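Work through the exercises below with the model open. Try each task before you read its solution.

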Amino acid sequence: RNNETATAKAIVQSLKENSINNEELGMYWKEWDQKGYWWYQAPIESQSLMIEAFSEIDKDPKTIGDLKTWLLKNKQTNNWKTTKATADACYALLLNGNDWISTEKTVSIKLGNTIISDNDGKEAGTGYFKKRIEGEKIKPKMGNITVTVSSDGKSASSASSLGDQEPSWGSVYWQYFEDLDKITVAETPLKLSKKLFIEKNSDNGPVLVPVNDGDELHIGDKIKVRVELRVDRHMEYVHMKDMRASCMEPVNVLSGYKFQDGLGYYESTKDVSTNFFFDQLNKGTYVFEYPMFITHAGNFSNGVTTIQCMYAPEFTAHSEGVRVKVGQ
């Protein structure tokens, strides 16, 4: 704006070189991951300012599209806390680059040999549509999925860059019933791993011995549950439910708010599970542990650990199911 064009372009080039580019999340900077309450820890306002700067200096539609993509993907799993952040984001999204809301898109989904189009029942404005397929009509080859989006007569496959085409989102899920101990791992940007350990005393103090398939436990054994959670983006309003075998009694039966390793959460113990509620879950890896005692013998299903973002329910995951054998 002060006609220092060379300096402005050099700054923008430096910003590009220090940015993070993700096929799904778009273009952003690592500083945005450090959320906080200080005036300079404002990722939404900062990203909006970047869009404004790139619109005036760089003017590359693909770069601007990638910057806008991060804003939208952030809104998918996070609440924009202030009216200032919301106003800045809306201004940035409507400012420049490709006009994502002016064109009508047609989506075609191919599941094996089955083709699904949005011609029937498409919601006005958002373009949302949903197709339900009965279980007896599901074939293995339908796992090969191809999505084609066409706009104004132009067609682009789902692999195209989000900056070149208006972004579209969708999901495919398979719903079925299964025994708890036969469930296999399923993950999204959320990933869970659950392990059981026997805590034994030794000359060097307590040691943890992993519980493997087929191992026989005994009444009175002290079991420590370890749940590892990995998340690749910031999320808010997340619920994790850790089920347990009916032969195990947790030591901690009081519900309350806890804080560990920079993560605050509310822990609530129920009859068949321990629940964790997260107001804010930042990107990273987290480990949760709590002790239990085995109270009676038998063959039990230990259930699974499930997690879901209540703000964006499409982000859900669960661990695998195992059986627990307890001898006299």
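Buried means under 20% relative accessible area, exposed over 50%, and partly exposed in between (1.4 Å probe, protein chains only). This is a predicted model: local features need pLDDT of at least 70, side-chain atom pairs count only at pLDDT 80 or more, and totals for chains, interfaces and linings use all residues. Residues are numbered from 1 along each chain as its sequence is written, and side-chain values use heavy atoms, with hydrogens and water left out.

**Exercise 1.** Find where Tyr237 sits and decide whether Tyr237 is buried, exposed or partly exposed.

*Solution.* Step one: locate Tyr237 in strand E11 (residues 235-243). Helices (H or I, at least four residues) and strands (E, at least two) are DSSP runs, numbered from the N terminus. Step two: read its relative accessibility, 33%. Tyr237 therefore counts as partly exposed. Step three: check the backbone. Phi of Tyr237 is positive, near 60°, and the residue is not a glycine. Most residues other than glycine have a negative phi.

**Exercise 2.** Which residues of H4 are buried, and why do they line one face?

*Solution.* First, list the buried residues of H4: Ala85, Ala89 and Ala92. Next, look down the axis of H4: these residues fall within an arc of 65° (taken from the directions from the helix axis to the C-beta atoms), so they line one face. Then turn to the other side, where Thr83, Lys84 and Leu94 are exposed.
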